[in-house]
Amino acid sequence: MVTLRFWRGKISYKVTNISSNKNTSATLLDSGNIVLRNDNLSMLWQSFDYPTDTMLPGMKLGYDKRAGKTWSLVSWKSIEDPSPGVFSLEFDPNGTGQIFILQGSTMYWASGIWVGDGEVFSLIPEMRLNNMFNFSYSLTKDENYFNYSMYNSSIVSKLVLDVSGQIKQTRWFEDSHQWHSYWFQPRTQCEVYAYCGPFGICHGDACECLQGFEPGSPHNWNLKDTSGGCVRKTVLQSGDTTHTNGERDRFLLPSNVRLPDYPLTLPTTSATQCKSTCLNNCSCSAYAYYGDKCIVWGGDLLNSQQLSDDNSNGQDFYLKLAGSELNGKVSSSKWKVWLIVTLAISVTLAFVIWGIWRRLQIKGEDLLLFDFSNSSEDTKYELSEANRLWRAEKKEVDLPVFSFASASAATNNFSVENKLGQGGFGPVYMSQKGYEVAVKRLLKRSGQRWELKNEAMLIAKLQHLNLVKLLGCCIEQDEKILIYEYMPNKSLDFFLFEPANHGILYWETQVHIIEGIAQGLLYLHHYSKLRIIYRDLKAGNIPLDEGMNSKI
């Protein structure tokens, strides 16, 4: 009888109890695997077959059908108590190629399917952001598992399921004696499985009901318990019949979303046939048509997520709703009232619209000919100050307004060659004609015209060495453009995350950049009369000028 125990302080853990008629040896390998062997060097037991909350390189996560063996991770009960907790990380035994985090027996998070070309799970694209980890997925007759190894075997790494239900891929740094996290899941509440319940959609970290639906339990919803999801405001028709009011079911197109889980693929020949199939099937809730494939969802829609405008991973699908939820019909009596009111005020509206139209025709300054030399006076003043920390804002700011025609000409009609980057509110272009400036063309839904002008006037009052200076704007018809000073050294992420640029930033330069960021934040958060809290600080939002001065 062989019993293997470990001690941690006053607590002992029995990890195995096996029978052997011969002498047995235990060996701790460099991989972290503890192996028991007999005199013939036959393996009797290994710790890699019994993972706890940690997966090391070479371990497996999955199952062996032939031996009836399962490899899964189980979280600790607390950070000090290694007894089994409530979370487990398991491989889907149904062969979907996903890994799940379960909370007890309830689904908590899903990785998405394994994408062979990218060698990642579809909902964890950051797995391949560096060339350190070699992830693989094996599907054979007898085994189905996920594992990983290190391209550089000298690097110490682990994947841990912690007590909060997060999985974290980390690496050990000997110099600092700390674990550094490379990626973790779920990153936000939106990635917790069915966080918003049936027919709910996660937006940011908040839940909303899809259009045509309302909270099933408003009381629980107001208490932030959204797991019950949403229910239809108006029931659907059945098959191809019509409602008593003559309205048929129709489809709404939610755009740029992470599609709901568990779709089915149907053999159809066209988008029209796919739509008709869903429309005439009472259990069909939504459909999508991509690459000649008809994808449908039956019953509840789970795990939908509204993605941000700068996230290109979203897709569109068609949500089936009662026709009354989309057409906005009103009764004949109400229609007559609206008609009378409309006719009564039509003359007044005509004059108002004409006045607004006249204002929209006003053209601004010519960006190609404008002299920006005076706009640098504030920066020069701050450089000459001994403290270099702050100065009072101008009471009045003369913010130039430019014509759209000149902004278009300065950027070669907003050509791709002039594009500097893409932000959450629109692309940024470089003006290569006339004075070098950065031209940010805002998306059409980015605020109203005069609201934008007022906000631009307020931003222009902020004058500091470590803030990107707003030089002007363009507000013409539905075009909204901001003109900023040009930053020739791009942004900080260009030097941090581009492999070819590693090592360019010397220590003195790094300290100078950090100090500039801190000075800019100090000004915004404390010394500016227009108190502003900056909540989107990241390397991509830290541009660098020709002197490697960091700006916000």
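The legends below describe several close-up views of a predicted model.

View 1. Strand 20 (residues 200-203) and strand 21 run antiparallel and are joined by 4 bridges. Within this pair, Ile201 has Glu208 in strand 21 as its bridge partner.

**View 2. The buried residues of helix 2.** Helix 2 spans residues 271-279, and its buried residues are Cys274, Cys278 and Leu279. Around the axis these residues cover an arc of only 130°, which puts them on the same side of helix 2. Among the elements that cover the buried residues of helix 2 are strand 24 (250-252), strand 27 (284-290), strand 28 (293-298) and strand 30 (318-321).

**View 3. The loop between strand 19 and strand 20.** The peptide bond that joins Gln185 and Pro186 is cis, with an omega of about -10°. Phe199 is also placed in the loop between strand 19 and strand 20, and, although Phe199 is not a glycine, its phi is positive, at about 60°. Most residues other than glycine have a negative phi, and most peptide bonds are trans. Phe199 counts as buried because its relative accessibility is 7%, and the cut-off for buried is under 20% relative accessible area.

**View 4. Asn412 in the loop between helix 6 and strand 31.** Asn412 lies in the loop that connects helix 6 (404-410) with strand 31 (419-423). Asn412 is not a glycine, yet it has a positive phi of about 55°. With a relative accessible area of 34%, Asn412 is partly exposed.

**View 5. Two stretches where pLDDT stays under 50.** Over residues 329-335 the pLDDT stays under 50, and for this stretch the model has 2 contacts beyond four places in sequence. Over residues 376-395 the pLDDT likewise stays under 50, and here the model has 32 contacts beyond four places in sequence. For the protein as a whole, the mean pLDDT is 80, and 83% of the residues reach 70 or more.

How values were computed: Residues are numbered from 1 along each chain as its sequence is written. This is a predicted model: local features need pLDDT of at least 70, side-chain atom pairs count only at pLDDT 80 or more; totals for chains, interfaces and linings use all residues. Side-chain values use heavy atoms; hydrogens and water are left out. Two strands pair if DSSP finds at least two bridges between them. Helices (H or I, at least four residues) and strands (E, at least two) are DSSP runs, numbered from the N terminus. Buried means under 20% relative accessible area, exposed over 50%, partly exposed in between (1.4 Å probe, protein chains only). The arc is that of the directions from the helix axis to the C-beta atoms. Contact means heavy atoms within 4.5 Å. pLDDT is the predictor's confidence in each residue, from 0 to 100.
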